[in-house]
Amino acid sequence: MRAFCVRPGADDVGASFVISRDDQDGAAPWFLADGGEMGERMRAFDWSATPLGAPAGWPEGLKSLVALMLDSRQGMFIAWGPELTWMCNDAFVPILADKHPAALGRPTEAVWADAWPTVGALFAEVLQGRAQRFEDLPVPLVRDGETTETWFNFSYNPVRDGTGHVAGVYAVVTETTDKVRALAALGSQREQFARLFEQAPSFMTMLSGPEHRFDMANPAYLKLIGHRPVVGLTVAEALPEAVGQGFLDLLDRVYETGEAYVASSAVYGMQTEPDGPIDERTLDFVYQPIRDSDGQVTGIFVEGVDVSERALLEQRRLALVELGDRIRDFDDADDLAYAAAEILGRTLGVSRAGYGVIDKQAETITIARDWNAPGIESLAGVLQFRDYGSYIEDLKAGRTVVIEDADLDPRSAETAAALKAISAQAFVNMPVTEQGDFVALLYLNHAEARPWTEDEMALVREVAERTRAATERRRVENELRALAATLEEQVEARTRELRQNEEALRQAQKMEAVGQLTGGLAHDFNNLLAAVSGNLELLEIRLREGRLTGLERYIDNAQGAARRAAALTQRLLAFSRRQTLDPRPTDVNRLIGGLEELIRRSVGPGVEVELIGPLDLWAARIDPSQLENSLLNLCINARDAMAPGGGRITIETANTTLDPKDAAERDLPPGQYLSIAVTDTGAGMAPEVIARAFDPFFTTKPLGEGTGLGLSMVYGFARQSGGQVRITSQVGKGTTMCLYLPRFHGEAEVVGGPEAPAPGHGDGETVLVIDDEPAIRALIVEVLQDSGYIAIEAADGPGGLKVLESGARIDLLITDVGLPGGMNGRQVADAARVGRPDLKVLFITGFAETAAVGAGHLAPGMEVMTKPFAMAALGSRIRDLIER
């Protein structure tokens, strides 16, 4: 057991101490104590190489002091003997930093060489018996190879031996570097806040207590309130006019509720002197409650902006907008003049505003009608200028007359009584001239003296010019209308006749084109329908007669006709750019290579076909079948352009990056595209033909050899895919049709050869079918049931959604896009995915509902099929979706 006794030294009361140790139980010496890491290091250290010698020979006071140090959790060190040999405890190690562990047993001056210029003198004082204590003492130390400023709280105490001499130094140390730096940063932030507060363009003030006493106010706030001294006063004492305007009530409410108040375009009538003039200001501001550490409101921070100028400009802008609107509404010049006067009077807050016509010779003004504030009488009629002063001479010279007080202006002082009698103690008379002649007057009257600002004069001038121009325009228009009434009737009749003839011609051309198209379509559809109905009729007869052999050919013939009809409708939809696309990441070079044999057969042996393309061609996200149709269409057009002599078709692909200039020329966004150029060596196109090449129904082929839809369909596909098609041609040399398709950043799908889709086989999964056509719905349900699925039917969107919102198991939703009942298929699917986020969806559509299904950008787990489709293909698609 160890007991320690601390008693004051003889030389310095309270400044030094003598430590004695009492080993009452005869236990082991101090160095057997735990002491943490430093205890272990001290036990392992070779002290015999130091002036202190082996620990067994140390003075008992030193042993006891070391034991006390090692047991403490406070940073401590001991410097002992003639060289002040250094030792410390675990809590002091972080202060040593990279001096640890080499510091143990070394002279203190060597350990702290970097700090010795600061602390050396302090050690000298302690060795003289004078204890040293400092708080936040700055000490430069070398840490991580660099000298850095550090701060410490410490107490250096002399330790005396049994003879009373100072044998060493015992110190308690705490590093305060982080605290000192944090306080310095906080002080800097406070100074910065103070500068921001003073220099802020918005007005700010701090109010404290429930009486709202001013603690501080920045220059912008003092400017707002007329530089009145407010600090130390309450709002009621400093700004009595604010009390009557309700601002004090707002402050009370914010203080009581703790809820901020935000005001926009609030009007504050500032009155710096009792009974003095009121200067109305428009303000945006906030009252923000200030809370203490307990959350209690102790004050209010006020911050805002004086938006008076902005509000005034907005008010005047709106006045001019209203004037423009009113000018368009009136034909009569007097009504127009009155509207201008009313707008001007209300905007400027005057007693009267009017517009009159001048007789310069008689020196009179004729007023048809004027605007008057409540309680002000009208001046309508004829007035003699000389009855109200001599300012007529200024008006004749084209100068605006501005009088703030009739009593004080020499031009009106003698007639001031007459002016006051007509509520015009202050007035503005602005002459309106035409070709240098004084012809009209816009005037403002106010019953009391008032100043007129330059901004107000600018508004009056603008209104006067607009009003004069509008009235003159109306006058000229009326005169022309009266003089040319007969001519207008003749022109109108002739124009109607020309328009009717033009419309008849346009209709005839349209009907000719439509007739040409519909004739060909009717012929094709009748052939296809005849094939379908004829084969079905023969199938029916054979079944009725029991002749079952060879029935497959009738089914194949009918299905083939149906597929050709579907292809025809797809071409029509492509022409209208409303086809339902199935975009996929596509290797275009591979697609063209697979199409090469068909192209060669289509163009015939007299045309050479050449394919050119880079090996690193980018992928495109497009509908592969539609691209094939487009390329085949372009190649057939190229073949026809080279007939009858034949020639060469070159299909070349390339990677293309369009900068903003090139993209604008092609009506595309800038970016990366792949291009497909189909070039022929045919007759070429004239510029006027190129200009109309993509127009629907336009064709240069003989009657009956083309519908004029081919290039329109190619154009529709390119634009619907986010790309473009452009024509380059020279007459007699050939034509290049270039398709631009956006680059797809990813890998293209690997598409295998065509194969018949295998029927889907289910395992009891449940499929909801929504279609308003009973026959189609029944077919799909039968396919599902034959394939081992459980089918649920619904005839419209709300009915299907009701099933989806129930607890029924639904593994797949098959829905038509165009549905009755107020919801289309996409809306049903989106609503269903709110509660069933992983629901798989197959859209089926019979026409151009791409907008409804997302224009080709479907969410994961959603796919689309276009009617008509093979039942086997439907089964395969169902199986693929469910098994994903």
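Helices (H or I, at least four residues) and strands (E, at least two) are taken here as DSSP runs, numbered from the N terminus. The model is a predicted one, in which local features need pLDDT of at least 70 and side-chain atom pairs count only at pLDDT 80 or more, while totals for chains, interfaces and linings use all residues. Residues are numbered from 1 along each chain as its sequence is written, and side-chain values use heavy atoms, with hydrogens and water left out.

**Pocket and cavity**

Spaces are located on a 1 Å grid over the protein atoms alone: a cavity is a set of points where a 1.4 Å probe fits but cannot get out, a pocket is an open set with protein on both sides within 12 Å along at least five of seven lines, and lining residues have an atom within 4 Å of a point. Points are joined across faces, edges and corners, and a volume is the space filled by probe spheres set on them.

The second largest pocket has a volume of about 740 Å³. It is lined by 23 residues, of which Asp-279, Glu-280, Leu-312, Arg-316 and Glu-456 are the closest to its centre. Strand E11 (279–291) and helices H11 (308–329), H12 (333–348) and H15 (454–483) are the elements that give two or more residues to this lining. H11 provides the largest share, seven residues.

Four cavities of 30 Å³ or more are found. The largest cavity has a volume of about 200 Å³, and among its 17 lining residues the closest to the centre are Tyr-221, Leu-239, Phe-247, Tyr-287 and Val-302. Strand E8 (203–208), helix H7 (219–224), helix H10 (247–257) and E11 each supply at least two residues of the cavity lining.

For the classes of lining residue, Ala, Val, Leu, Ile, Met, Phe, Trp, Tyr, Cys and Pro count as nonpolar, Asp, Glu, Lys and Arg as charged, and the others, Gly among them, as polar. The lining of the second largest pocket has eight nonpolar, six polar and nine charged residues. The lining of the largest cavity has 16 nonpolar, one polar and no charged residues.

**Nonpolar cores**

A nonpolar core is a set of buried Ala, Val, Leu, Ile, Met, Phe, Trp, Tyr and Cys residues joined through side-chain atoms within 4.5 Å. Buried means under 20% relative accessible area, exposed over 50%, and partly exposed in between (1.4 Å probe, protein chains only). The largest core has 45 residues, and Met-87, Trp-112 and Tyr-156 have the most contacts inside it. Apart from it lies another core of 36 residues, including Leu-627, Cys-635, Ile-676 and Val-678.

**Salt bridges**

The whole structure contains 35 salt bridges, each a side-chain nitrogen of Lys or Arg within 4 Å of a carboxyl oxygen of Asp or Glu. Three of them are listed below.

| Salt bridge | N to O distance |
|---|---|
| Arg-213 and Glu-211 | 3.6 Å |
| Glu-597 and Arg-601 | 3.2 Å |
| Asp-830 and Arg-826 | 3.1 Å |

Glu-597 and Arg-601 are separated by about one helical turn because they stand four residues apart in helix H18 (residues 588–603). Glu-597 is exposed at 55% relative accessible area, and Arg-601 is exposed at 56%. Asp-830 and Arg-826 are likewise four residues apart, in helix H25 (residues 825–835). Asp-830 is partly exposed at 37%, whereas Arg-826 is buried at 15%.
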